[in-house]
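Here are my notes on this model, as numbered points. Please read them with the coordinates open.

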Amino acid sequence: TTCLVVGASSSGVFGVRRAPSSNTPLDSSPVTLGSSGAAPGGLAVGVRGREFLVGWTSSLGIDLTRVADGATSPLDTPPRRLDSGYTGTITLAGDADGWTAAWSTAPTSTSTSYTTALRRLSPTLAPLGSGPVSAGVGSSLLRPPVARVGNAVGVASWALRSGTTDYQLYFRRYDAATLAPLDASPQLVAGPAGSTYGGAPVVTPLTDRWLVGCAWSNARVVTGGGSSLSTLRLTTFGSAVPASSLIDVGSAASRQYRPRIASDGTYALVVWEEQRDDGSAVFGARVRVSDGTLVDTAPVRVSPTSDQFAGCAAVTAGGGRFFVSWLTGTSDLLGCQYGRARGLRLNPANLAPVDAAPVSLMPTAFTTVGVSRDNAGFDGTFVVVVRGSDGHYLMRVRPTDGTVVSPAGEFFGSSTTWPDAEGLSLAQSMIEGGASPQVQRIDRVHIVVAIEQQMLVACATMAHHHRVAGRGA
């Protein structure tokens, strides 16, 4: 098992491979992957077999390079240029036949109107087809997540309705070999007139369909609060029939947002944050992988009532358990910047807590930490990335007994050993799609993302990848 830690600054993009079980660096110093730097929120990592694919957006366009599990230098020098236009954010996904890239692009550097582009690449990054395919709808700076099911890839994207400030989320399926659209037009997931997006969408492959989750605001008003709500909506799209089932989950008297999904192969667990007048809490609900049925029609509260302000949740699966982590504090979490990190193992059969109380995910040197929105993975232990004042820490929890492997945390990435990282705005810092732990779990590949300081951590279990050909993301 190998992890690739990727960071970016104004001077370039850098990577270090690490052994997850000990967090030991396999490279003596950061390896330069590209010299163009990366735009805020512009990093992405995909995994295919024994290779990582790193992509980044800059003022020059989108560049790609592969990093092999056993190589000491990038496989593509100089990096391959995917797009020379005005680009926003990108998602990368690997499968048995090659790579899929989905990104947002604009006609000019000052344009606020984005479209979603899609392209298939060979295993060696040779472009397939005549050029990028337009998803047929607009886009936003939030990443367009992409995943493969069978012989099709599906991508979700927010689109700004022409002449309005209203956003709608669309999903569309394409033939994985040719990118010919399998749907006559993009299918609407959420966003009637008057809506705005409440966070980046997520896409997860089930047995024979995709599960799409998003949060979107509508016309409802919190009782006594006077503010609009975000409703968490789940949708499944079959790989053979363009049919969808729209499900709104969560309380009608609260705001739901930041959905995250992980799968253990039987259930896909969706977790989200509900914000209420008296605080916030983390809730969850299961969707059956085999048929997309919502199992928990009444959402289950995951964070205890003693955590008055709980949010910024992440979820992963492994060892016969789900593991949900979150931040908690005595007041607002300030955009996931300050709080105490905690986590809880859940029984997949009924979402009952396995532990009597949440486990602390705080490195012993700190009283508050920050987290990203996709900071949990599984590589034999549950891995959660938290950020202290001096850099990032890996906190590991054993799936068998719920204990923390090293209470001090496994440190990596300080200002003296890692390039200075550029700050990200909250709107641009939500990494989705190929960086989703649950998508890679099905493929025996596990992704952890730490994004507040423009850093990605990808952990790959390289065994048995061939057994799931055609189902990877």
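Predicted model: local features only at pLDDT ≥ 70, side-chain atom pairs only at ≥ 80, totals over all residues.

1. Residue classes and basis. Residues are numbered from 1 along each chain as its sequence is written, and side-chain values use heavy atoms, with hydrogens and water left out.

2. A cavity is a set of points, on a 1 Å grid over the protein atoms alone, where a 1.4 Å probe fits but cannot get out; lining residues have an atom within 4 Å of a point. Grid points are joined across faces, edges and corners, and a volume is the space filled by probe spheres set on the points. Six cavities of 30 Å³ or more turn up in the whole structure. Among the lining residues are L4, R17, D27, V67 and P74.

3. Where that lining comes from. Strands (E, at least two residues) are DSSP runs, numbered from the N terminus. Strand 2 (12-19) and strand 4 (31-34) each give two or more residues to the lining of the second largest cavity. Strand 2 gives the most, with three residues.

4. Two strands pair if DSSP finds at least two bridges between them. Four strands form an open sheet in the order 5-6-7-8, with antiparallel pairing. Strand 5 (43-48) and strand 8 (80-83) are the edges, each pairing on one side only. Neighbouring strands of this sheet are turned by 30° against each other on average, direction ignored; the axes are lines fitted to C-alpha atoms. Such angles run from 0 to 180 degrees between N-to-C directions when direction is kept. Strand 7 (residues 61-68) meets strand 8 in the antiparallel sense over three bridges. L64 stands opposite R80 in strand 8.

5. What else involves R80? R80 is linked with E51, R66 and D76 in a network of salt bridges. A salt bridge is a side-chain nitrogen of Lys or Arg within 4 Å of a carboxyl oxygen of Asp or Glu. By this rule the count is 13. In the loop between strand 7 and strand 8 sits P78. The peptide bond joining T77 and P78 is cis, with omega about 0°.

6. R148 and D95. Their closest N and O atoms are 3.0 Å apart, in a salt bridge. R148 lies in strand 13 (residues 146-149) and D95 in strand 9 (residues 86-95), so the bridge ties together parts 53 residues apart in sequence. R148 is buried at 4%, and D95 is buried at 1%.

7. Two further salt bridges. R345 pairs with D355, with the closest N and O atoms 2.6 Å apart. R345 is in strand 27 (residues 340-346) and D355 in the loop between strand 27 and strand 28 (359-360), 10 residues apart. R345 is buried at 5%; D355 is buried at 16%. R209 and D208 also meet in a salt bridge, at 2.9 Å from N to O. D208 is partly exposed, at 32% relative accessibility.

8. Strands 25 and 26. Strand 25 (residues 309-318) is mostly covered, with 10 of its 10 residues buried. Strand 25 runs antiparallel to strand 26 (residues 321-329), and eight bridges join them. T316 faces F323 of strand 26. The hairpin has two residues between the strands, and G319 takes a positive phi near 60° there.

9. C312, in strand 25, has a positive phi of about 55° although it is not a glycine. C312 is buried at 3%. L125 is another non-glycine residue with positive phi, near 75°. L125 sits in the loop between strand 11 (114-121) and strand 12 (133-139) and is buried at 4%. Please check both in the model.

Terms used
Buried < 20%, exposed > 50% of the residue type's maximum accessible area, 1.4 Å probe, protein only. 1 Å grid on protein atoms, 1.4 Å probe; cavity = no way out; pocket = protein on both sides within 12 Å on 5 of 7 lines; lining within 4 Å.
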